[in-house]
Amino acid sequence: MLGLSLTATAQSGPPDSDPVLQGSASYSMPQQAIDAEIDGKVVMGIHLDESGTPTKAWLASGPAWPCGSTPMKAIEELSLSLTAAMMKLRFTPPVKGGKPVSRDIGLTLTLKNPYLGKKMPAPEIDPKTGKPKPRLVVGGVINGKATSLPAPAYPSAAKANRDHGGVTVEVLIDEQGNVIRAGALQGPATLQFASRDAACGAKFSPTRLSGNPVKVSGVIVYNFNL
């Protein structure tokens, strides 16, 4: 079971105030999602009515999973279970102009897959320093560091619907410079899968830290123009 506390930040005070999550909530990832090695950040969109009660929820972006696979059934099950969890939350009413109003909000959750934690090997000890060897470098936008950066396909349905804009994809790069995990962090939903597929095909030069090969995490940004 995975425990997860959700907190909605808010700017309160008369006459306007943002909704505030009342209490906390726990969430357990479906076993199928755990087996598919899904984890990472997800953004859930929630529509609140004038009383602060969710009337609709949807998976707006994320999660991440290994490149080379697309576990659609596991992603669908995860989306359904997250949606059900969001519908049970309660918020203080959003207020504008001194009156309660309905509003769409977004909640960012970090899913931690217990299976992936168990797979992590014990850190190697550097004999020179006696300290664990670094295994991961965290970077920012890494488009410019790619040796190969394939452009994503523009899905015909998205183009017909005139969906456009930027999509940010979080990636994990292995010691050989290959992208091994990816997940969209933000952007139009109809463009996220194509962006993730393109990110999985990106190539980078191997990264070393203190002489040791390390993994790298960062984000790749794609722009879709009509």
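Q: Why is Phe193 called partly exposed?
A: The model is a predicted one, and in it Phe193 has a relative accessible area of 38%. Buried means under 20% and exposed means over 50%, so Phe193, with its 38%, counts as partly exposed.

Q: How do you know whether Trp65 is buried or exposed?
A: The relative accessibility of Trp65 is 3%, and the cut-off for buried is under 20%, so Trp65 counts as buried.

Q: How many aromatic pairs are there, and by what rule do rings pair?
A: Rings pair if their centres lie within 6.5 Å, and by this rule the count comes to 2 aromatic pairs. In one of the pairs, that of Trp65 and Phe193, the ring centres are 5.8 Å apart.

Q: What makes the pair of Trp65 and Phe193 tilted?
A: The planes of the two rings stand at 50°. Planes under 30 degrees apart would count as stacked and planes over 60 as edge-to-face, so the pair of Trp65 and Phe193, at 50°, is tilted.

Q: Why can the pair of Trp65 and Phe193 be said to tie together parts that are apart in sequence?
A: Trp65 lies in strand S3 (residues 65-66), while Phe193 lies in helix H5 (residues 189-200), so the pair ties together parts that are 128 residues apart in sequence.

Q: Why is the pair of Tyr154 and Phe224 called edge-to-face?
A: The ring centres of Tyr154 and Phe224 are 5.2 Å apart, with the planes at 80°; since planes over 60 degrees apart count as edge-to-face, the pair is given that name because of its angle of 80°. Tyr154 belongs to the loop between strand S8 (146-148) and helix H4 (156-160), Phe224 belongs to strand S13 (residues 212-224), and the two are 70 residues apart.

Q: What makes Lys159 a charge that lies over the face of Tyr154?
A: A charge sits over a ring if, besides lying within 35 degrees of the ring normal, it is within 6 Å of the ring centre, and Lys159 lies over the face of Tyr154 at 5.4 Å from the ring centre. Likewise, the charged end of Lys56 sits over the ring of Trp58, 5.6 Å from its centre.

Q: What lines the second largest pocket, and which element gives the most?
A: The lining of this pocket has 14 residues, and Phe193 is among those nearest its centre, together with Leu59, Gly62, Ala189 and Gln192. H5 gives the most to the lining, with 5 residues, and by class the lining has 8 nonpolar, 5 polar and 1 charged residues.

Q: Why is Arg162 called exposed?
A: Arg162 has a relative accessibility of 56%, and exposed means over 50%, so Arg162 counts as exposed. Arg162 is found in the loop between H4 and strand S9 (165-173), and has a positive phi of about 65° although it is not a glycine.

How values were computed: Residues numbered from 1 in each chain as written. Predicted model: local features only at pLDDT ≥ 70, side-chain atom pairs only at ≥ 80, totals over all residues. Heavy atoms only, no water. Phe/Tyr/Trp six-rings, centres within 6.5 Å; stacked < 30°, edge-to-face > 60°. Helix = DSSP H or I, 4+ residues; strand = E, 2+ residues; numbered from the N terminus. Buried < 20%, exposed > 50% of the residue type's maximum accessible area, 1.4 Å probe, protein only. 1 Å grid on protein atoms, 1.4 Å probe; cavity = no way out; pocket = protein on both sides within 12 Å on 5 of 7 lines; lining within 4 Å. Nonpolar A, V, L, I, M, F, W, Y, C, P; charged D, E, K, R; others polar.
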